[in-house]
Amino acid sequence: MTNFNLEAITRANVKNMKPYSSARDEFENFTLNMIYLDANENPFSNGMNRYPDPQQKELKLIISDKNNVPKESILLGNGSDEVLDLVYRAFCEPNKDNIITLPPTYGMYSVLASVNAIENREVLLNEDFQPNVDAILNAVDENTKIIFLCSPNNPTGNSFTDSSVIKILNSFNGLVVLDEAYIDFSEDQSWLSVLNDFPNLIITQTLSKAYAMAGLRIGILYASKEIITVLNKIKPPYNINGLSQDTAVKKLLQSTMPAQVKKIISERKKLVELLETCEFVEKIYPSDANFILIKVDDANFRYNQFLENGVVVRNRSNQPLCENCLRISIGTKEENEQVFELIKSINNVQKSIIY
Ligand SMILES: *Cc1c(COP(=O)(O)O)cnc(C)c1O
């Protein structure tokens, strides 16, 4: 078992600080018919003249019900980017501490490490895109505060094995952030059901992908109540704006997610079947996400072919282990019909003829 100690891992300035107490923290019961003269708001009602709920109670209640997690274990942020940044700021001492990431993976972990002046120790995934657990644990020293695991991983699309995640959780005395941005596209279960078993586990999810609300910027962090209390202390008071809170509540109640995810997965299967017949495609990596990673004969050449025909994909060939790889998100059926025609025509054009 991990010897995780929240007290020991929290930065001293965070432990010692007094959080900002907003007007809405001190008096928040809007259901009472009161006259609110406590926040210097403009009193003329227009649907957005009041500050939003700093604790997003209505939205958290829905997320808590959906996922069977107590609301005290939930923190919401302005995108996952914000909740991840809060984790750095609460637990990593600038110019002293380090974190571990497993490239090829999501770029924000490394950007946030740079912004916060935290060393990023990169331990490459294995050839099969699984964590190299021994190398990860070897990279840990007394200043290693966080290990970032992204499963299903972006850009590779695969999920990490349960045994590697459990070994890391049990052997590491710092925090393990498990990014589940793509979990709804996977047949694997979320790690949320065992959140209570691991005091050092932080799980992040987002409304940006399966839930179709990337424009609202809502990221979700789940952890022990104790970890959430620390993060709440340092979060900006009104970090989720009122329009985003209201819209997210409405959209979550509509429950369109499962049907859309089913369609996306069925389109993913069709795309894989087509790519399997293509000569320019050398490898199709298995995907638990709403995108697939493929290795092609010449990524820059194929990327430009797509682009010239009005289709923007992501060229990941500069990432380690991703030489000549393109990442293709799954669109609607109608979009895919056009993309399929394009892929067929691309496949008929020999690269050597064009050169
Ligand atoms: C897209 C994505 C996110 C989502 O970020 P938001 O800021 O919530 O939109 C998080 N993690 C990974 C790995 C992603 O690919």
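Visitor: Does C92 count as buried or exposed, and at what relative accessibility?

Guide: C92 counts as buried, at 1% relative accessibility. Buried here means under 20% relative accessible area, exposed means over 50%, and partly exposed lies in between, with a 1.4 Å probe and protein chains only. This is a predicted model, in which local features need pLDDT of at least 70 and side-chain atom pairs count only at pLDDT 80 or more, whereas totals for chains, interfaces and linings use all residues. Residues are numbered from 1 along each chain as its sequence is written, and side-chain values use heavy atoms, with hydrogens and water left out.

On disulfides, defined as a pair of cysteine sulfur atoms within 2.5 Å, the count is 0. C92 takes part in none, and its nearest cysteine sulfur, that of C150, lies 18 Å away. C322 is likewise in no disulfide; for C322 the nearest cysteine sulfur belongs to C325, at 4.8 Å. C322 also counts as buried, with 0% relative accessibility.

Over residues 46–341 the chain is 37% helix and 18% strand, with the end C-alpha atoms 49 Å apart. Helices (H or I, at least four residues) and strands (E, at least two) are DSSP runs numbered from the N terminus.

D197 sits in the loop between β5 (175–179) and β6 (201–206). D197 is partly exposed, at 46% relative accessible area, and its C-alpha atom is 9.8 Å from that of S224, 27 residues apart along the chain.
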